[in-house]
Amino acid sequence: MERADLALVGGWLIAPHVSQWWGEAATALEEISEILDLGLVKPFIGEFLGRPAGYFQAYDPHEDYGHPYADQPAGTLGIDQFIGVAELTGLGHGTAMTRAFCQMLFTEGARRIIADPDAENAAAIKMYEKAGFQRLDQRDTEYGVVLLMHLDAQQETERQ
């Protein structure tokens, strides 16, 4: 993702299916803009058939002092994402794009990937499970009550 993509992501953030879970669009966009400046989180634009379709980001919970997931093993990366194009939701594209994103992160050396969907976001939880993630535990964090889920490189290799 580049700074030029902020307008695109901003348009997605106002969509009801995104804002329901990502909060107020202006605040979320400001946080993503800061991500571009700080470099602690790696943002990406996911594509479907060559067209921008969603926002993806990866971060190391050990690089942020006091992060609620710093108890995860070394080599862990956290991910967050959304499909921005409403017409592409509910069709399996999120699962496929998440699998591809995780595979890229494993290829780059990640040993575990975690996700923390809102505990009430049944669609996201189902998508992560379809992508191979397993439930770890429910946590009350600064981000709200989340279901912490994981996908390990070893289990992904065995699944293929």
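Predicted model: local features only at pLDDT ≥ 70, side-chain atom pairs only at ≥ 80, totals over all residues.
**Entry 1. Arg112**

Leaving aside residues up to four places away in sequence, I found Arg112 touching Gln72, Pro73, Gly75, Thr76, Leu77, Phe106, Leu136, His150, Leu151 and Asp152. I then looked up where Arg112 sits in the secondary structure, and it belongs to strand 4, which covers residues 112–115.

Is Arg112 buried or exposed? I noted a relative accessible area of 14% for Arg112; the limit for buried is under 20%, so Arg112 counts as buried.

I also checked one partner from the contact list, Gly75. Gly75 and Arg112 are 37 residues apart along the chain, and their C-alpha atoms are separated by 6.2 Å.

**Entry 2. The chain as a whole**

I next recorded the fold. The protein chain has six helices and six strands, and I read their order along the sequence as α-α-α-β-β-β-α-β-α-β-β-α. The radius of gyration of the protein chain is 15 Å, close to the 15 Å that the globule rule gives for 160 residues, so the chain is as compact as a globular protein of that length. I noted the span of the C-alpha trace along its principal axes as about 35 × 35 × 30 Å.

How much of the protein chain counts as buried? The figure I found is 44% of the 160 residues.

**Entry 3. The largest pocket**

I turned to the open spaces. The largest pocket has a volume of about 1,500 Å³. I counted 48 residues in its lining, and those nearest its centre are Trp21, Trp22, Asp80, Gln81 and Asp116.

Which elements each supply at least two residues of this lining? I listed helix 2 (16–22), helix 3 (25–38), helix 4 (93–107) and helix 5 (122–130), together with strand 2 (51–59) and strand 3 (76–83). By residue class, I recorded 24 nonpolar, 14 polar and 10 charged residues in the lining of the largest pocket.

Technical notes
Residues numbered from 1 in each chain as written. Heavy atoms only, no water. 1 Å grid on protein atoms, 1.4 Å probe; cavity = no way out; pocket = protein on both sides within 12 Å on 5 of 7 lines; lining within 4 Å. Points joined across faces, edges and corners; volume = space filled by probe spheres on them. Helix = DSSP H or I, 4+ residues; strand = E, 2+ residues; numbered from the N terminus. Nonpolar A, V, L, I, M, F, W, Y, C, P; charged D, E, K, R; others polar. Rg over C-alpha atoms; globule rule 2.2 N^0.38 Å. Buried < 20%, exposed > 50% of the residue type's maximum accessible area, 1.4 Å probe, protein only. Contact = heavy atoms within 4.5 Å.
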